[in-house]
Each structure stands twice: as structure tokens, then as C-alpha cells.
Amino acid sequence: MAAAPSPSPAPPRILLAGDAHGRLHQLFKRVKSVNQSTGPFNALLCVGQFFSPEVGEEGSPPGDVADYLEGRAAVPIPTYFTGDYGPTAPRLLSKAAADARGFAPGGIQICPNLFWLRGSALFSLHGLSVAYLSGKRGLGGPGCYSQDDVDALRALAEEPGIVDLFLTNEWPAGVVNGADTSKVPPQVLEPQGYDPVVAELVTEIKPRYHIAGTKGVFYSREPYVNDSSLHVTRFIGLANVGNKEKQKFIHAISPTPASTMSSADMHARPPNATLSPYVAPAKSVPVEDTPKRPAESTDLQYWRYDVKRQRQGQNDGSLLCFKFTSSGSCPRGSNCNFKHDEEAREHCQRNVCFDFLNKGKCGKGPECRFAHSLTEEAAVRDAKPRSDRRPVESSCWFCLSSPDVESHLVISIGDGYYCALAKGPLVPEHVLVIPVEHFPTTITMPAEPEAELRRYKNALGKYFEKQGKAAVYFEWVSQQSRHANLQAVPVPLSKAASVEKIFHLAAKRLGFELSVVNPDGDANQGRELLRSQYDSKSGLFYVELPDGTLLLHMLGSREKFPAQFGREVLAGLLSMADRADWRNCKLSKEEEIKMVDDFKQGFREFDPAE
């Protein structure tokens, strides 16, 4: 008898709120009440003016925001806001802006559970694709969106995939066209609070839900059909928190992510659906000429500039692609107009200024917070003097305390090491064993963590053996290495004896040799020899074979070593040449979570951290 299919995961439950106007105690009291009675909810999304429109006595912040920023009150559920304007907003957000760690599409945390969605971007929230335009239309300066913000969203609209939620502060001009307005509050028909630029953007983005504030009234429009798209859009306008008219300021939705919906469900048309209320956009509505955002968002500006160059068709193979240089991937792939340079990517990870990498000079002078040198020693020296410089660890993919760590990939956490699924794994059980502390190589770790590493390797060996496989470990250490990771790739026992031969052949083809560190095959002794001989200044690559033998190559001072050498060799051994580059093997977050859960179930009986 066939097993019943496993039930689909429940869709995320999201609360939406209008202009808070600094009344956070009242807002979160209502959130707690709703969460207890009909929750739990996964997140709260706030549109419209988040901060108070008034200034307190002697400049003290009115409203309740300071209580949360200073720890006197707690935000009950993860909360994201776009309305970063009001008299007190610049001061209350200044520290978060100064501490911002690069481009943060998922929000800048200003206190536990409270995230500022700055500028414009697209991010994933519990499987939902969320786009936003922060700020409002105006003459520029704090709290106003810029032409760069708009251009970035227009570029994102051209990317594949459907946006689930689009957050704006102001309503789109023309949203009531073709709708039944016989029962709507009169404020809906008043001209204030509408923005033609938002109307153009929503026409291009075609989200499933469009959420907005600022008009001080609740309005849920009939769904409308998008031009050249089969799914419908639902517009929801929300009132101000605590308004005297008792208009609805909080609303709950539970949308299934578009990425998991069937075609039939996605294209279902409600009986009350109308035609699109927007005329075809001419893209001629100007955004006021606004100054660029402050220096703390330098890398965000580069990304937006990169987007604009791509859209305008500029093609200069000598210039670097900022998207690739900063993140390691570019959605345009081979169609990108700019250079994808792995070496520049490594320098960028060391906090080297993008202008310096791209043009050989930087015009920001002492205001630049990044290093202007390609040597490790000078980069570290340049990065230290100013207290507002971003620490290297802050943007590290592997530091557990970093906002950039993908914690859903973690399998097991010990005292000195943790184990995680590799990003874009070569095979489903491809894992990384990573120091908890920020060390550039496992070879220089203290004795106690080294003992824990042996326990992890022993546990992984038993786990792989149960599957008829053996582990191959390898580590590449360069002068630019930031946070060590020892890669563990299982190979079938039938191929274990061939690993040494194929590594020697691959090395020979690239013009170098691998020396044997421990001819007796004692892996622990081999690592001790490596630890005693390594000077912490040179680059190296080593691989531990299934029989415990270590093969080593010490890099010359100017030698360029292929970053994915170990993976490429094993991809050849396993007849998986198309998976040699991890970027070709990326999985969705849901697939990664499933793979981690499967690994945990089988590994639990061996896990040294259990």
C-alpha cells in the first residue's frame, strides 16, 4: 500500500500594520493580543510613517520608539518597517545606519526583532518574496526615496519569479480606477497620499499583494488582473495605529508562497476581479533630484549603480560587476556586461574598497571605510583606525554571530566546531566542518578544538560508512582566507582507492605536485605534523584521503591556485563535471532545509554534540 503523501507545510502567517506614528506600545499590545488569540504569526510588516510626526520636549523623542531601542520594552514578533521618516527618525536611526553591514535587503536590525527596510530591495521572508520601497516621494534627503531606489526595483521586475508582497508607504495613483467605490470611506477618493511613481512600479512588478499606508484609512480593493500576467493583485491600504475613527490599522494574511503554488492555483481568478486600474506606464514621472544616500550605504549604492548600467546596456568588460564581486554570484551569468573576477571577489571579502579594485583609486579619501591595499597586512592596518569601520567578522558567512550566516544550513554545533551543509553541495551529504571562532585555517586552531575536530571526523566517518561511503576532506588556505572551513565529501567505497591517483593527476596537469605528509596513513599524526610545520604566512592546499593519508601543496608567494580545485577533482571522480562549480548547484532554501533535516536524522546517533 502506497504511503500517504506528506502534508504541505502551512503557509506563513503575516500581520500588516499602517502608520505607527511612534505609538509602538499601542501597536505591540494589539499584536500580542492578536497573536495570543489567533496566532502564532511569523512576522509583522509596517507601512507608512513609523516614527512620530512630532518632536518631544527639549528634543527628546516622542512616542515609544526609544523604549525599544534602549531595551526598556521588547518587540513581540519580528517586525519590519519602511516608513523611515519623521522629525526624530534621523537621530533614532543614526546608530543603525552607522553600524549597517553592507547591503542588507532583509533589513537592518535596530533592536531585537525590529528591522528597518531601507531604500529598496527584494528579500525572502518565510518563503515569501517581498519587495519594498522605503521612504516617500519628496525633495530628497532623509526619509525620501531616490531615483536609484526606483531603478533598482524596475531592474528586479525584469528578473524571473513572482513577487508575493510589495510594500510601499504611499498609495499608487489610480488604484481606485474600475473599482466599486460606492461603500468606501470618503478619504479613499481624496487626492492626497497618492504617488504616480508607485503606480508605475506596481504595474511593472505585478505583486500578488500590494500593501501601503499614509492615507489614514483602511481599504481592501477588489483583486485586479495584471497586464501580460495571469495572476491577480490584491491592494490593501491600512489606517494609522490608534486612529480616532476606529479604522482598521492591523490586518492578517496567510499567503502560500508563489514558488510553491500550482499553476492552476496561481492563475485562479476570483469572481469579483476587475481589470488593472493602471494605464500602461510611460516611465516619464520624474523622481525629484535627490542627493545620494549617506556614505554608510556605499556598497548599496554600487549595487544600484551596477543595476542602472546593466539596464542601460553599457558593456565594458574591463569593469567589475559589483553584484558578483560583493556576493560571489550574479543572476545575469554569462549575459552580464561586466567582469566576474574571482580574485577581486577575494579582495572584496577582505574589506578592500570596490572603487580601488575597479579603478585603481578611490575618490572618497578619509571618508572611505574600506581598505586601499591588496596586501593582507595593509588591509588589516587600514581597516582598524576608525571605530566606524566594518569589522571583518561582521560580514562573514561562517561566523555564527554574523547577520550573513545562513543558520538553516547548520547541522550540529559543538564548543569549538560546528558542522553545516555546504552551499551548493557537490553531493547531498557534502558538509563543512567550521571553527566557531574566526580563524583563517583549521591548522592553527588550539589543541582543545582540534580534539573536537577529531571527534567530528570520527562521527562523520561512521555516518558515511553506514551508507557504504568514505569521507574525503580538503582545505584551501590563502593569504586572503578569513574563516576556515574543512570540506567533507563522501565518495562510494568502490572509488575510495582512486582518490589519491586522481588528485596526483590533476595536480600534474596544473603544473604542481602533491607531497605525502604522513606515509603511515595516520591522519591525526599527519595533522600534527602539518600544524607543527605551518608558518601561518603561506597559502596551502591539503587533502585527507579515505585511508588517512594527507597530500599537501604549499603555495608560492605569487602563485594563483584554483579556489575550487578539491571540488573539481572530486566532481571528476564522481562523473559530475557539471557540478564542479558550486554556483551551478544552488538549492532553494526549502530544499536546503529538507536536506539538512535528512542529514540530521541519520547523523544523530553519531553526533558528538548530542
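Two strands pair if DSSP finds at least two bridges between them. Strands (E, at least two residues) and helices (H or I, at least four) are DSSP runs, numbered from the N terminus.

This is a predicted model: local features need pLDDT of at least 70, side-chain atom pairs count only at pLDDT 80 or more, and totals for chains, interfaces and linings use all residues. Residues are numbered from 1 along each chain as its sequence is written, and side-chain values use heavy atoms, with hydrogens and water left out.

**Exercise 1. Find what joins strand 22 to strand 23, and describe the turn.**

Step 1. Strand 23 covers residues 550-554. Five bridges join it to strand 22, and the two run antiparallel.
Step 2. Now the turn. The two strands form a hairpin with five residues between them. G548 in this turn has a positive phi of about 95 degrees.

**Exercise 2. Work out where T168 sits and what its side chain reaches.**

Step 1. T168 lies in the loop between strand 8 (165-167) and strand 9 (171-172).
Step 2. T168 is buried, with a relative accessible area of 1%.
Step 3. Contact means heavy atoms within 4.5 Å. Not counting residues up to four places away in sequence, T168 touches V47, L133, V198, H210, I211, A212 and G213.
Step 4. A polar contact is a pair of N or O atoms within 3.5 Å; within protein, one must be able to donate a hydrogen and the other to accept it, and residues adjacent in sequence count only if both atoms are side-chain atoms. The side chain of T168 makes one with the side chain of H210 (2.9 Å). The T168 side chain also reaches the backbone oxygen of E170 at 2.9 Å.

Conventions: Buried < 20%, exposed > 50% of the residue type's maximum accessible area, 1.4 Å probe, protein only.
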